[in-house]
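Here are my notes for you to read beside the model.

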Amino acid sequence: MRADRAILFKLATDERLERLVKRVPGGEEAAYRAASRYVAGRTRAEALDRTTRLLAQGHGVSVDLFGELSTSTTDARRVADDYLELAKLLPEPPADVWLSVDLSHFALDVDPAGAADLLAEIAAALPPGRRIQVGAEDAARTDRVLACVQDVAARGLADRLGATLQANLVRSPSDADTLIAAGVHLRLVKGAYVEPRGAHPYGEPTDIAYLRLAAKLAGQSTPWSLATHDARLREAVLLATDQVSVEQLLGVRPEALDDLRTRQVPTRVYVPYGPDWFRYWLRRVAESRGA
């Protein structure tokens, strides 16, 4: 991994940098103009408008309210209520719209049981065919994330859940077995976090791990999707199986989405929104370095 990429990932978790930029006259609006390529908006209405446009273009959507690393159960309850309201306002089925969330936004670190209850409440509120995808977080939280997903799936809500596998984590083949047994949808990503241990080096080792996991998932009956902007990996998997959909981030190589749709490959776009957009934007910038 290039040094500048690692530095940007570190900056993406630095609240002081965000405060500094926003204090500079015009700094916040200048940063948001750059971020708007990757961000659906700062409000729910803007996210819903972008969702409608993407659906009209033939893409599925996964909508996420920005936020993570919360340590307040009060805030977690408020966030869950926002998701419940969002769920009510989504276009009616058969519109292909899911939700997405990082469980640390539900105060996973301080109240894992409470986070599971909130996830279950939202999943239960979704109509058949819709899911709430649980996003990837750093490796230190993986056990807690997996336990939460398993808990909620065991409540009879597996068909409303999605989980994320990070190919760069050495543990992921075992985690794949756990999640396959849980019966949830799986999204395969390379993995964006800079891990101190337990991860394959960025580059060829992670690419090989990605292909091996894709082969493993393709051999199962579990529903899954591949989420990568690496065209070589994407096309290698699509050549091997025609039973998989492709997920991409809003604003990243959008021309690939149009190509996939013309080839009748199912697609889904991650549509994040909300006031906490700054650090997400820096992560997208970091991922573009050496990617």
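1. How much space lies in the largest cavity? About 170 Å³. Bear in mind that this is a predicted model. The count of cavities of 30 Å³ or more comes to one.

2. The largest cavity has 18 lining residues. Thr142, Val145, Leu146, Thr164 and Gln166 are the ones nearest its centre. Three elements each supply at least two residues of this lining: helix 7 (142-157), strand 4 (161-166) and helix 8 (172-182). By type, the lining of the largest cavity holds nine nonpolar, five polar and four charged residues.

3. Now the second largest pocket. Its space is about 180 Å³. The pocket is lined by 13 residues, and Leu54, Gln57, Leu250, Pro254 and Leu257 are closest to its centre. Helix 4 (44-56) and helix 11 (254-262) each give two or more residues to this lining. The lining of the second largest pocket divides into seven nonpolar, three polar and three charged residues.

4. Arg160 sits in the loop between helix 7 and strand 4. Is Arg160 buried or exposed? Arg160 counts as buried because its relative accessibility is 14%, and the cut-off for buried is under 20%.

5. What surrounds this arginine? The side chains of Arg160 and Asp159 are joined by a polar contact of 3.3 Å. Beyond neighbours within four places in sequence, Arg160 is in contact with Ala123, Ala124, Leu126, Pro127, Pro128, Arg130, Arg131 and Ile132.

Key: Residues are numbered from 1 along each chain as its sequence is written. This is a predicted model: local features need pLDDT of at least 70, side-chain atom pairs count only at pLDDT 80 or more; totals for chains, interfaces and linings use all residues. Side-chain values use heavy atoms; hydrogens and water are left out. On a 1 Å grid over the protein atoms alone, a cavity is a set of points where a 1.4 Å probe fits but cannot get out, and a pocket is an open set with protein on both sides within 12 Å along at least five of seven lines; lining residues have an atom within 4 Å of a point. Grid points are joined across faces, edges and corners, and a volume is the space filled by probe spheres set on the points. Helices (H or I, at least four residues) and strands (E, at least two) are DSSP runs, numbered from the N terminus. Ala, Val, Leu, Ile, Met, Phe, Trp, Tyr, Cys and Pro count as nonpolar, Asp, Glu, Lys and Arg as charged, and the others, Gly among them, as polar. Buried means under 20% relative accessible area, exposed over 50%, partly exposed in between (1.4 Å probe, protein chains only). A polar contact is a pair of N or O atoms within 3.5 Å; within protein, one must be able to donate a hydrogen and the other to accept it, and residues adjacent in sequence count only if both atoms are side-chain atoms. Contact means heavy atoms within 4.5 Å.
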